[in-house]
Amino acid sequence: MGDYELFKQKVYDLTKIDLSSYKERQMKRRIDALIAKSKVKSYEEYIHLLRTDKEKLDEFVAYLTINVSEFYRNPDQWKLMEDEMLPYLFDNFGKNIKIWSAACSTGDEPYTLVMLLSKFLPLEKIRIIATDIDTQILEKAKSGLYDEKSLKGLPKEYIDKYFTKIGSRSYQISDAVKSRVEFKQHNLLKDAYPKDCDMIVCRNVMIYFTEEAKKEIYLKFCDSLKKEALLFVGSTEQIISPGDVGFVAFKSFFYKKV
């Protein structure tokens with residue numbers, strides 16, 4: 001197949017995705033499978049293909065950035081958000097809060113945040129920043145069209161209020177919700193982070209990074225948040241020593257900047 005280290009460098013030059021920050025065995029297996037599917041025989045040939053075929057490049061980025069998402073994933077955590085975390089944020093930072101949904105995938109999470117916040121605020125007062133490295137996924141997020149499976153955990157009140165059924169198995173989210181989310185491309189390992197956030201939501205993403213990359217990202221999240229602001233992580237992503245990266249455990253899966 002060729003020199004994987006050289007391949008990683010060429011991928012970085014081409015896409016600014018640093019494969020060294022991902023767990024190598026897992027990532028290399030995914031890449032080798034994609035190369036086989038593309039019917040080329042070496043990393044060098046595959047890099048040439050990526051440079052000359054924009055569709056193949058888009059496919060590569062989409063394949064690498066793992067996108068498994070659904071609305072209201074882990075409902076107990078969203079209930080905690082509604083009952084305790086949002087009131088905490090309003091008490092400490094007022095109603096004009098800044099929330100960043102990092103590695104937002106297909107948009108399920110930022111749209112869920114808008115719907116949840118709409119219980120407390122008029123829609124026109126809500127603004128969510130949502131970022132992901134994958135431009136194809138961001139286009140899907142902006143379209144706001146979802147398979148019914150993505151909505152299986154979402155409370156019926158939100159589906160009735162904010163979705164229109166399209167055909168037999170798809171749902172379109174309302175423009176009123178879509179307009180409250182600002183989608184941008186962003187690389188967690190390379191790009192500058194938003195400043196003065198009141199909460200960052202980054203769930204089910206860190207599991208794919210090395211320990212070194214995780215620490216770097218958590219430190220940047222800390223720098224991106226106001227003092228006493230919150231970081232909301234996934235159910236498999238407990239921070240083992242939160243004090244080392246500027247946080248203290250606050251509630252299950254919520255960390256507070258100290």
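Residues are numbered from 1 along each chain as its sequence is written, and side-chain values use heavy atoms, with hydrogens and water left out. Because the model is predicted, local features need pLDDT of at least 70 and side-chain atom pairs count only at pLDDT 80 or more, while totals for chains, interfaces and linings use all residues.

**View 1. Seven strands line up in an open sheet.**
Follow the order β6-β2-β1-β7-β8-β10-β9, where the pairing is mixed. Strands here are DSSP runs (E, at least two residues; helices are H or I, at least four), numbered from the N terminus, and two strands pair if DSSP finds at least two bridges between them. At the edges stand β6 (181–185) and β9 (247–251), each pairing on one side only. Neighbouring strands are turned by 25° against each other on average, direction ignored; the angles come from axes fitted to C-alpha atoms and run from 0 to 180 degrees between N-to-C directions. Inside the sheet, five bridges join β7 to β8 (residues 225–233), and the two run parallel.

**View 2. Three strands make an open antiparallel sheet.**
The order is β3-β5-β4. Three bridges join β3 to β5 (residues 170–173), and Tyr-146 has Tyr-171 in β5 as its bridge partner.

**View 3. Arg-203 sits in a loop and is buried.**
The loop lies between β7 (197–202) and α10 (211–224). Arg-203 counts as buried because its relative accessibility is 4% (buried means under 20% relative accessible area, exposed over 50%, partly exposed in between, with a 1.4 Å probe and protein chains only). Its side chain makes polar contacts with the side chains of Asn-74 (3.2 Å) and Gln-77 (2.9 Å). A polar contact is a pair of N or O atoms within 3.5 Å, and within protein one must be able to donate a hydrogen and the other to accept it; residues adjacent in sequence count only if both atoms are side-chain atoms.

**View 4. The second largest pocket holds about 280 Å³ of space.**
A pocket is an open set of points on a 1 Å grid, where a 1.4 Å probe fits, with protein on both sides within 12 Å along at least five of seven lines; lining residues have an atom within 4 Å of a point. Of the 14 lining residues, the closest to the centre are Glu-211, Lys-214, Tyr-218, Ile-239 and Ile-240.

Key. Grid points are joined across faces, edges and corners, and a volume is the space filled by probe spheres set on the points.
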